[in-house]
Amino acid sequence: MYIAVDFDGTCVTHDYPKVGKDIGAAPVLYAVYRNGHNIILNTMRDGKELEDAEFWFAENGINLFGSNHNPTQDRWTTSPKVYAHLYIDDAALGCPLKYDPNFHSRAYVDWKEIAKYLHARGLITYEQYSEIMKTFEYVIKDELGIHARPAGNLAKLAKTFDSSI
């Protein structure tokens, strides 16, 4: 299956021309890629900014099938639109989004919801889905709690994840 994926707001937060913050796309896209599906970067980026996005995929172990182009479509069309079976884009109608003003000023793709969809369609396995959806719970048993500085660091770090304290 060919899967076209936008970058800004979809794989990372909107911080163009820089590469934005992690929003959980890499493990989901890596699972899809490992299952033999072809990932095509479908973005408005070009030049150095496109290279930065391509590097993000490489850094996450995902070999792109194409960038802003599906190489197989040259045989049957001259259309500039990227041919894919599935498009994941924060601007697409119905794409699940998250908005956390403490994390970023703009909405971004909810990759936990994307993972649910991909699992339901058989594009990722139950084991992959379970790993992506993994949760962690830790209970502080000392009745005095923890020191203020480590507690602040923990809360700050937790804000970067889907978490509750």
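The largest nonpolar core of this structure has 33 residues, and those with the most contacts inside it are Cys11, Leu29, Trp56, Phe57 and Trp111. The model is a predicted one. Its protein chain has 165 residues, of which 35% are buried.

**The nonpolar cores**

- Leu29 touches Val5, Cys11, Ile39, Trp56, Phe57, Ile62 and Trp111, leaving out residues up to four places away in sequence.
- A second core is separate and has 5 residues, including Tyr2, Ala4, Val82 and Ala84.
- In soluble globular proteins, nonpolar side chains tend to be buried together.

**The chain as a whole**

- The protein chain contains 5 helices and 6 strands.
- Read from the N terminus, the order of elements is β-α-β-α-β-β-β-β-α-α-α.
- Along the principal axes, the C-alpha atoms fill a box of roughly 70 × 35 × 30 Å.
- Take the contacts between residues at least 6 apart in sequence: 62% of them join residues at least 24 apart.

- Helix α2 covers residues 47-59, which is 13 residues.
- At 1.5 Å a residue the helix should span 18 Å, and its end C-alpha atoms are 18 Å apart, so the two values agree.
- Its buried residues are Leu50, Ala53, Trp56 and Phe57.
- These four lie on the same side of α2, because they cover an arc of only 110° around the axis.
- An α-helix has 3.6 residues a turn, so residues three or four places apart point the same way.
- Lys48, Glu51, Phe55 and Glu59 are exposed on the other side of α2.
- What do the buried residues of α2 pack against? Their partners are α1 (25-34), β2 (38-41) and β3 (66-67).
- Gly61 follows α2, and its phi is positive, near 75°.

- Ala31 sits in helix α1.
- Is Ala31 buried or exposed? Its relative accessibility is 5%, so Ala31 counts as buried.
- Leaving aside neighbours within four places in sequence, Ala31 is in contact with Ile124, Gln128 and Ile132.
- Ala31 and Gln128 are 97 residues apart in sequence, yet their C-alpha atoms are 6.5 Å apart in space.

**The cysteines**

- How many disulfides does the structure hold? The number is 0.
- Cys11 is in no disulfide, and the nearest cysteine sulfur, that of Cys95, is 11 Å away.
- A disulfide needs the two sulfur atoms within 2.5 Å.
- Cys11 has 0% relative accessibility and therefore counts as buried.
- Cys95 has 14% relative accessibility, so Cys95 counts as buried too.
- Cys11 is also one of the residues with the most contacts inside the largest nonpolar core.

Conventions: Residues numbered from 1 in each chain as written. Predicted model: local features only at pLDDT ≥ 70, side-chain atom pairs only at ≥ 80, totals over all residues. Heavy atoms only, no water. Buried < 20%, exposed > 50% of the residue type's maximum accessible area, 1.4 Å probe, protein only. Helix = DSSP H or I, 4+ residues; strand = E, 2+ residues; numbered from the N terminus. Expected span 1.5 Å × (residues − 1). Arc of directions from axis to C-beta. Contact = heavy atoms within 4.5 Å. Core = buried A, V, L, I, M, F, W, Y, C linked by side-chain atoms within 4.5 Å.
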